[in-house]
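Welcome! Take a look at the model below, then work through the exercises one step at a time.

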Amino acid sequence: MSTDETGHGGAQTPGSAGNPGGPGQEFLQLITPAGERISHPEFDFWVRDITDEQLCSLFEDMTVIRRIDVEATALQRQGELALWPPLLGQEAAQVGSGRSLRADDFVFSSYRENGVAYCRGVDLTDLLRVWRGNASGGWDPYSINMATPQIIIGAQTLHATGYAMGIQNDGADAVAVTYFGDGATSEGDVNEAMVFAASFQAPVVFFCTNNHWAISEPVRLQSHIQLADRATGFGIPSLRVDGNDVLAVMAATRLALDRARRGGGPTFIEAVTYRMGPHTTADDPTRYRDANELEDWAAKDPISRLAGLLDRKGLLTPELQQQVKDKADSVASEMRRGCTTMPEPQPLDVFKHVYSTPNSWLERQQDHYARYLASFGDPAGAVSEEGAR
Amino acid sequence: MTQLTFARAINAGLRKSLENDSKVVLLGEDIGTLGGVFRVTDGLQKDFGTHRVVDTPLAESAIVGTAVGLAYRGYRPVVEIQFDGFIYPAFDQIVSQVAKLHYRTRGAVKMPITIRVPFGGGIGSPEHHSESPEAYFTHTSGLRVVTVANPQDAYTVIQQAIACDDPVLYFEPKRRYHDKGEVDESVDPASALPMDKARVLTDGSDVTLVAYGPLVKTAVDAASAAADEGISIEVIDLRSLAPVDYDAVVASVRKTGRLVVTHEAGQSGGLGAEVAASITERCFYHLEAAPVRVTGFDIPYPYSKLEMHHLPGLDRILDGVDRALGRPNSLSGLEG
Ligand SMILES: Cc1ncc(C[n+]2csc(CCOP(=O)(O)OP(=O)(O)O)c2C)c(N)n1
């Protein structure tokens, strides 16, 4: 493999062809479900620098993220959160991509990328603010270079493309990365984002998490071809990777980031994985999905796969396991504490930040509401449906 | 008569329409196998097949835009927009195409499309799940906009909407989906109260209180609380937001001399403004006080911990009634 002086791939950047796995292989894979490292003529290049220590750290990330997810689901069940969108099963896709990014790259995600947010360094209390119902957005996007989660399906892909056009104008080599689901690829916004990205060769990575379901709708309802092939129609090169293989995801993301940084334009990555939990804690997947399917995918679990690799390398020591468990425990308890001690928002907070400067019209509404609340001895009495009179 | 929840009543009405007219087709996200995220279409795909009850890809503009094509072809599409906040990707198709095709073709093309939208707040959801977008559509000529406030109406009006040759936005108050009520399934929608007529729910002589959708129940509760204090409120369930049945409101205000309008949507440019202005024009000499609006604030729908502050509740409505009556209220002593 030729490299230029920056250490990046040379003129023949590997994987520029649409079929990364080569003939007969459905997607790029570097670790088998049994945890065996398989070598790949082109993609090994992109993870050649990953040390044993880094592998252990990826294992820790994925374990911690799963623990965050389980803990948040428990918090929802205990009434501490209004809702939670689990990412169970998607840890490799989120960590493999999230850990490939530079601090000055900027992420535009959906509501399910809590693992990516963790990789960006999100404060765990901030992560829960929205889901507890205490805020409209959990964090300052510029503090971790990640926009707050998008609920409107696919809208963020346009934002990422626009941000990337800005990077381009500025002559910088950062990259905008946008995460969205398989269902999102049907939305007009996502298709329009690809049109713009291709037209302007914007430095944006479209990271599509194909977790096979859009609430109750299987991916085949959204597309009759592989999602990765859709991008090709827009003139955007694409890669299809095993989304449960953290190294494969990393290799593909690094390639795409490198291409964007060097002026090569957008790349579309389809990470093939599976949503092992419900769509959200309000969803009941037994109504639409076969239990066998879940079992098949459990056998391809991303965390046990990496554990298998570590084991083969003699790295999965009791000390490592203990250390990872301790970290997950402490993150979970820190998150729980942050959640349960979050200060309650105050009624008049609803009037804050509607505009960047005050206006008398809204101030009047706020003033009237303050008077209304003050007309009750106990302000809480003013807001029940039944009333306090 | 059977006891049905709101959601089951709509389901029963959809079922009737599917049975009675083979041109009726349902389209939307998750409406088939799952039966909709609120289970409003539960069981319909099983009984009518995947060509009558269609799970669509995730694309609201396409859902409404293809309904336009189906209507051209003689079908009567009933589309579900999963939540109020997701109607905006379809906005262009609704206001530029659905609303105008009858006019544009001088009546040659009918657009008997029903767009079902769960709307309003009060269920503790994240953003985009609790909006009241009705005013965007009442501002667009050519659309009919209706809401329902009890299971019987839910059952009857959905059938009237589907049978109507005009496009109808059918707003479902999602926080009432689980409320139960008597439903007479033998009612003939053709001879029931037409969907564009308002209904007087309680007789009253002191104040006319106009509400629709989710706030109708709150308004009725407010009227009975006021009755305990000797105030007689006439509650009107508007039902149709476009066109508004002004004759019904005028008749009531002529009697009471006072008007309070309440809705969850923000105040500015909302339906309350329209009703207040129209009634002022038509009843100026009958009014004994300026019309009062009790509405959501002019803010984005707030996060769930504070949503009950934004949503007009019983006490806020009664405070508005006090204002209309010149009784002591939270704004007493303030000028203008
Ligand atoms: C514009 C819009 N339409 C509908 C919805 C409701 N909705 C929320 S999540 C979802 C499914 C999304 O599936 P996918 O894009 O595959 O992402 P996943 O949830 O699987 O991560 C739907 C239909 C929405 N949030 N926004």
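Residues from chains A and B surround the ligand, so the site is shared between chains. This is a predicted model, where local features need pLDDT of at least 70, side-chain atom pairs count only at pLDDT 80 or more, and totals for chains, interfaces and linings use all residues. Residues are numbered from 1 along each chain as its sequence is written, chains are lettered from A and ligands numbered from 1 in the order in which they are written, and side-chain values use heavy atoms, with hydrogens and water left out.

**Exercise 1.** Find which residues come nearest to the ligand.

*Solution.* Start with the 20 residues around the ligand, counting a residue if one of its heavy atoms lies within 4 Å. Of these, Y111(A), R112(A), I151(A), G183(A) and E60(B) come nearest.

**Exercise 2.** Find the ligand's partners among N or O side-chain atoms, using pairs within 3.5 Å.

*Solution.* First, take the ligand's oxygen atoms: one is 2.6 Å from such an atom of Y111(A), and one is 3.0 Å from such an atom of N211(A). Next, a nitrogen atom of the ligand lies 2.5 Å from a side-chain N or O atom of E60(B). Finally, the protein buries 96% of the 580 Å² that the ligand exposes when taken alone (Shrake-Rupley method, 1.4 Å probe).

**Exercise 3.** Work out which residue of β3(B) is the bridge partner of L27(B).

*Solution.* Strand β2 of chain B covers residues 24-28 and runs parallel to β3(B), with three bridges joining them (strands are DSSP runs of E, at least two residues, numbered from the N terminus).

Terms used
A polar contact is a pair of N or O atoms within 3.5 Å; within protein, one must be able to donate a hydrogen and the other to accept it, and residues adjacent in sequence count only if both atoms are side-chain atoms. Two strands pair if DSSP finds at least two bridges between them. Helices (H or I, at least four residues) and strands (E, at least two) are DSSP runs, numbered from the N terminus.
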